[in-house]
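Here are my notes on this structure, as numbered points. Please read them with the coordinates open.

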Amino acid sequence: LGLALYAGSLCAVSGATFLYHDYCVIGAGPAGLQAAYFLQQAGRDYVVFERSHAPGSFFALYPRHRKLISINKQYTGKSNSEFNLRHDWNSLLSHDWRLLFRRYSRDFFPNADTMVRYLEDFASLLKLQVQYNTAIIHVTLEKNEQAWNGHYFLLTDQDRKNYKCSSLLVAAGMWVPNVVNFPGSEYVEGYETVSINPEDFTGQTVLILGRGNSAFETAENILGVTNFIHMVSRSRVRLSWATHYVGDLRAINNGLLDTYQLKSLDGLLEGDLEDLAIVKDKKGKLHITLGFYLENRNISAGIDSITLPQDELDNFATRAPYDRVIRCLGWKFDFSIYNRSLRIMPGKGNIKKYPQIKPSYESRGTRGLFILGTASHSVDFRKSAGGFIHGFRYTTRAVHRLLENRHHGVPWPSTVYPVTQLTNSIIKRVNEASGLYQMFSVLADIILLRENATAFEYLEEYPVGILAELEMQTGRKAHNGLFVIIMEYGRNFSGADKDVFYYNRAVGEAQHAWQSNFLHPVIYYYKRLPTEREMRLRPPDWPLPRPDAIHHIVEDFLTDWTAPNAHILPLRRFLENCLDTDLRNFFAESCFLFAFTHQKLPPFCQQGYMRMQGLVGSQELWQHAVQAGLLQNYTDTDFSGDRPPDSHDGSQEQLMRDHAIPVHPLQHLVNAKDE
Amino acid sequence: MSAQKDRWVSSLVFLLFCACSIPGRGSASLQQEQSPQHYFSGLEAGKASLAFFTPSVSPGPQPFLEQIESSAEALQDYGISVVKVNCPKEDVSRYCGKENALRKAFLFRGNRLIREFPTDALFDVNSIVANVLFALLFNEVKYVETLADLESTENVLKGKSNMVFAYVPATGTAEHRAVMEAAFVYGNIHQFVLTTEAALLKATSHDNPDVTSAQLLFCHCQQATDPAQPCRRTALGQPLTLLNIHRHLKLMGAPLVTEVAEDPEKISTVHLQLGLPLVFILSQRETYEADRRTAEFVAWQLLGKAGVALLSRDLVDLNVLHRSNVALKTPEEGMPIQYLVLEDTDEVVTLVEDKSKVKQIQADEQQEEEEEDEDEHENNNQDIQDDQVVEAVSRDKKRELPLEQILVLTEENFHSSLSEAARTVVLFYASWEAVSLAVLRSYSEVAAHLKGTLGVLLSRVNCWDWPGLCSQENVTQFPTMRIYKEGQQSVTYDGMWGTEELSSFILLSRIPCPLKLTTMDEAEGYLRGEFPSELSSHPHTSLLGVFSTSSREAREAFEEAGNILSGHVRMGMYFEDDSLALSRKYSVSPPALLLARGRGHSVESIALSKHSTQDMVQMIRYELLDVFPEITISNLPQYLQLRKPFLILFSAGDISQMESKEMLKLAKRRPQQAFVACWLNLKKTPVGHGILRTYFSTMPSLPVLLWVNLHAGGQVFKFPPEQSITETNILSWLQKLQAGLEIPSSTLSEEDWKPPLPACDFLQMMEPSVPELSPQPGDTPARHPPKNPGGDTASREEPSQESTAQEGGVPGRGLRGTAPRVAARDKQGKRHSEL
């Protein structure tokens with residue numbers, strides 16, 4: 001069969017031979033393999049192209065100092081596998097329990113070699129279709145009306161072999177080093193090649209360009225042996241614990257901040273690298289000067305003819321000469337292999353290193369081309385985790401679900417529940433779901449209400465940016481209103497210059513939940529699906545437009561949102577008021593009473609008791625409910641109602657009886673609306 | 001109800017302010033004057049003021065001054081200013097000079113002194129307000145001491161105006177104040193008469209009045225014509241508060257009988273607005289005069305308790321029984337109007353009085369509740385748990401459950417454990433979910449129950465710990481109970497979550513359903529409940545399908561039905577060669593069902609005519625229902641599914657044999673029976689008291705037979721208690737009922753189940769701090785310049801931290817500093833000077 005398929009997928013187009021697959025994936029890194037896994041599970045025709053001989057070639061080289069900064073938490077005190085993924089930032093998603101990263105490394109910050117080994121196992125254990133040693137060097141389009149997207153993708157590899165695909169998933173990562181050009185930049189060493197042996201830096205003075213984790217990682221490595229290290233970049237240092245963004249400087253790398261603030265010779269400076277110029281003196285020392293001093297001057301004329309800032313300003317900060325300058329400026333997407341017709345354009349502003357994509361991860365220029373993995377981070381750059389394994393493993397799954405619906409008529413997976421399970425299903429997800437938690441403000445669970453709100457349909461981890469297209473993208477109907485469950489940090493809490501340790505930073509009371517600062521679930525209610533226009537005009541920094549109602553579940557220190565009164569009760573009230581119904585649970589006895597005294601029953605009785613699945617409860621529970629005044633005790637009531645009230649021996653009993661007939665607790669229960 | 005209360009409170013406040021022709025003065029209630037000269041020169045003619053004089057050097061604290069100060073605000077409502085006049089040291093005038101004048105307060109109108117009050121008459125705010133108003137309303141409020149005085153006042157008023165006669169045990173009390181305040185408002189409409197003489201009160205009243213509490217009588221003197229007769233009086237039956245008096249006077253001012261000619265549902269009178277019922281006397285043209293007299297008579301009886309209206313049936317098309325002559329509309333919104341057939345006027349009065357008694361209790365409680373509410377007004381009780389299950393479970397959470405008998409299953413041991421026992425019962429639950437935990441409690445009782453039962457292993461899976469396992473087992477709802485049998489499909493439990501039901505299901509599931517019987521003896525033993533021996537101790541209705549070898553289709557359907565009903569029904573089947581002999585014995589031919597309802601009952605036989613599984617399941621379920629069941633909490637849903645009205649006998653204990661026999665006779669008239677005949681044992685199902693209490697304001701004597709239209713209309717009819725419960729009596733009653741000749745005693749509430757309490761409106765709370773969240777009206781692109789024409793998140797430029805830092809312009813952050821910029825971005829000449 002394999003042979004037949006192979007033969008069948010060979011097709012000749014204008015003389016050139018093309019190997020056809022429905023899906024082509026470029027890159028066998030984490031994102032490419034993750035995509036391959038889902039395609040394989042769905043039984044799709046796909047192939048992954050990998051330029052190297054093994055998966056994860058980027059991790060084979062980087063990070064140079066081999067320490068991954070994605071946490072690998074061994075223990076959480078919980079056995080819930082979905083919950084534990086919240087604290088496992090390295091594993092890919094699969095059904096195979098052997099492929100959990102904690103089975104590969106015991107280190108909290110594992111070695112990059114482990115990642116390479118993990119990816120190799122992932123590809124081989126799951127038998128993913130990866131074609132190694134195939135570097136795609138050119139991608140172009142072939143118009144064809146029969147094709148899924150109106151065109152085929154034609155791929156050419158280094159051996160001029162051609163491939164043809166209906167859908168192209170680019171998971172090639174970001175591997176082109178960011179280079180800045182300025183006078184003297186030829187003296188700069190790149191992160192890719194710089195020595196990682198600290199001994200090579202003994203007694204040297206080092207300037208590092210860049211302020212990301214690679215810059216600090218490089219500095220950390222040589223901190224002990226250098227004279228001093230200075231670090232320069234345009235922006236202020238952004239600490240991930242202040243910004244709540246994992247791509248910012250992580251505490252594990254910030255030893256230099258310590259020595260800078262303790263005045264131990266190391267230091268940080270801000271400035272635009274494009275204004276910089278480096279001149280080398282005769283002794284081979286590198287001097288920092290500014291580009292405009294060099295205007296109209298020949299740099300090769302020698303250092304003596306060049307003005308240095310310290311000539312005019314004798315306390316200029318970086319007046320000391322450096323032995324080495326190292327560039328650690330990160331990576332950008334390889335735009336070079338795509339034909340112009342694909343219109344793969346860089347983003348604008350601080351996301352120019354990424355290709356432009358829609359919130360559905362589809363390229364803006366080409367239908368059917370999806371960007372996966374770290375290159376897709378423009379959607380949530382500096383916000384969420386879409387540029388990292390623990391984030392894009394979920395966005396990749398979302399893309400796969402979009403494709404399944406678009407090309408194979410498989411609607412977005414969903415489960416239908418009766419409305420009595422509404423509170424439960426939300427509580428369950430916000431407590432364990434990892435995709436919602438990692439991809440906060442980007443992926444959201446969607447609850448589509450059925451008619452009369454007696455049942456609902458639950459969709460997991462839908463990209464919230466394309467909420468307006470939900471019906472088209474998922475194949476599900478949203479005619480009767482919807483809830484969107486999403487996780488958010490408090491607005492104005494995170495930021496590079498924010499004090500995230502101020503007193504009273506955490507909110508404890510449910511009625512102030514909307515002011516919660518730390519990550520917490522937020523539920524938006526829409527009576528109808530927002531339109532594209534509403535999505536466009538949403539308030540800045542809001543993941544969604546104005547809802548008809550909103551609920552915040554108050555932040556929790558343990559991220560355990562199961563407290564009956566602080567978390568579940570306010571949520572239930574919110575849902576009840578959105579649906580205009582009563583979502584309380586009732587014991588069978590209450591349902592029995594309601595069945596005889598009301599023409600209509602609350603949903604819990606209707607969907608439980610009336611279908612002979614009433615909640616009988618135990619004697620202890622019954623007593624507690626009676627004590628709480630939520631259930632009435634009829635067992636010891638005296639019913640000689642027409643006894644003359646003035647009989648003397650009866651007065652005590654009378655008192656007790658009056659006490660035992662409070663209409664009000666039950667009233668409270670039955671008709672609490674009556675204020 | 002509370003809304004109505006608000007309405008008339010506000011109308012009262014409005015009235016009070018209208019009555020105050022003299023505008024109040026600002027908010028500062030207590031005025032200060034430097035000297036008596038200042039004070040007297042500033043007095044306006046006709047304006048009342050209460051003054052007290054204090055030496056400039058204060059002789060220590062004076063408690064009565066505090067009281068005066070705090071009453072200033074109350075008095076201001078009546079246009080009376082309270083002034084504290086300082087006496088200069090050298091002043092020796094009338095008010096300042098004398099030592100004892102300093103211990104008095106003086107009431108002036110203009111500059112005329114009306115009254116001097118010794119300070120001991122002004123002990124608190126009530127007494128100050130009461131005494132001051134009493135002095136000012138000298139003409140409006142007559143003080144009488146003897147019966148003769150009262151009668152002469154009354155005689156003068158006859159035919160002219162009404163009189164309000166109040167008795168207070170002492171002046172200066174809160175009740176006195178209330179009367180005076182009411183007099184201030186109503187003094188020019190009614191003549192107020194006040195007394196403190198207990199003897200006078202006794203003389204005016206026939207029965208022995210309680211002289212320790214204040215009383216107020218409204219005397220209808222305006223309509224009184226006979227000089228010899230005293231005016232009719234209507235007492236205020238409630239404590240004397242300003243609100244109650246106001247309400248009473250308002251009611252007395254309303255017309256005695258209102259004539260209406262429109263839909264009574266739409267009618268609203270002052271009585272309904274004040275929370276009192278309205279009685280309609282249904283009238284016809286022919287009997288108008290008599291009806292009018294009846295209405296007036298009833299109205300006098302009910303004065304102050306209910307309103308009376310005369311409704312002409314000729315003008316309004318009423319869709320009610322022709323015999324109905326009275327209707328009662330209660331102030332609660334949404335309550336349907338009751339139409340009644342009453343014999344005499346006393347019944348009308350009792351009807352209203354009973355209702356109001358119940359209401360009084362409720363109102364008291366409600367008041368208490370409201371008081372509580374006010375304490376917690378802040379959060380409106382929203383954070384108080386009103387879910388009985390959640391609350392009960394969380395109150396029980398500290399008790400350790402006896403779960404030793406129940407095996408804990410995990411992802412690791414799930415599959416291995418299933419193969420260990422013949423049958424594994426698994427409860428899937430979530431440890432944070434209240435309903436799950438409630439069921440877990442019953443489940444632990446089941447475990448204790450079934451301890452030692454062979455071949456059954458009880459276990460549980462916490463889906464909060466093992467979500468993968470639960471989704472793999474396709475458990476989407478909590479709780480779910482399944483029975484896993486080796487090599488067979490698991491069976492999901494779908495019955496009541498009670499200990500008994502769960503145990504019985506587990507026990508019944510041990511034997512195959514249907515159980516194949518191979519010999520005649522087994523079949524007979526099965527019908528007697530002796531075979532199989534595992535189940536002999538559990539009395540259960542036994543069902544035996546008897547099939548001949550030819551009826552394969554029916555047999556297969558029966559087996560299929562057995563799968564569906566497994567655990568709920570005890571089913572056996574017999575299809576040996578001699579099956580014909582077995583069925584003959586019960587005078588039926590195969591395929592047939594034999595039904596043994598426990599020991600002592602004869603075996604019923606039913607011929608099987610339908611051969612589809614669905615029909616068979618339905619038929620079996622139907623056949624298993626009792627003819628005249630005792631309704632319990634656990635079996636009600638089965639009978640409700642018939643969707644028929646209930647003829648239900650509420651009994652204090654077991655029903656008598658006679659009743660049982662009669663009812664059974666009635667019930668046996670199946671299948672043409674269009675109702676469910678059943679009974680309820682209040683001792684076994686005490687919640688039945690709650691049902692009766694909802695139907696009747698007073699507990700009917702037991703046993704009581706009711707017809708309850710549960711599915712259509714919701715009317716409840718009560719079988720006449722004077723008749724004995726016999727088949728014929730009931731049948732004739734039912735006939736009348738069907739003919740629409742009976743009046744329902746109650747109607748089931750039609751109310752929807754709305755949210756019990758409002759939620760926190762976070763959207764509203766957020767709006768002030770997040771202005772961009774405010775609704776955007778329509779298409780206003782001009783107001784919202786599209787920041788990103790592309791309209792995507794990707795290209796949305798967040799305001800970068802750098803730019804704000806630059807704009808913030810932190811001075812001294814140039815190259816000079818220690819946190820320097822290597823070079824500034826702006827290439828302006830300025831930079832050179834900086835360098």
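1. Which residues of helix α18 (residues 520-528) of chain B are buried? They are A523(B), E524(B), G525(B), Y526(B) and L527(B). Buried means under 20% relative accessible area, exposed over 50% and partly exposed in between, with a 1.4 Å probe and protein chains only. Helices (H or I, at least four residues) and strands (E, at least two) are DSSP runs, numbered from the N terminus. The cover over the buried residues of α18(B) includes β21 (515-517), β22 (542-546) and α20 (579-585) of chain B. Just after α18(B), G529(B) has a positive phi of about 85°.

2. On provenance: this is a predicted model, where local features need pLDDT of at least 70, side-chain atom pairs count only at pLDDT 80 or more, and totals for chains, interfaces and linings use all residues. Residues are numbered from 1 along each chain as its sequence is written, chains are lettered from A and ligands numbered from 1 in the order in which they are written, and side-chain values use heavy atoms, with hydrogens and water left out.

3. Chain B holds an open sheet of five strands, in the order β6-β8-β7-β9-β10, with mixed pairing. Two strands pair if DSSP finds at least two bridges between them. The edges are β6 (141-143) and β10 (232-235) of chain B, each pairing on one side only. Neighbouring strands are turned by 25° against each other on average, direction ignored. β6(B) and β8 (residues 191-195) of chain B run parallel, joined by three bridges. Y143(B) has L194(B) as its bridge partner in β8(B).

4. Helix α6 (residues 147-157) of chain B lies across β6, β7 (163-167), β8 and β10 of that chain, at about 160° to β7(B). Angles run from 0 to 180 degrees between N-to-C directions, with axes fitted to C-alpha atoms, for helices over the stretch in contact. Contact means heavy atoms within 4.5 Å. Helix α9 (residues 242-253) of chain B also packs on the sheet, making about 15° with β9(B).

5. Helix α15 (residues 434-449) of chain B is largely enclosed by the rest of the structure, because 13 of its 16 residues are buried.

6. In chain A, strand β12 (residues 267-270) is covered on both faces. G267(A) and L269(A) are buried on one side, L268(A) and E270(A) on the other. Four bridges join β12(A) to β11 (residues 228-233) of chain A, and the two run parallel. L269(A) is the bridge partner of V232(A).

7. S57(A) lies in helix α3 (residues 57-61) of chain A. Its relative accessibility is 18%, so S57(A) counts as buried.
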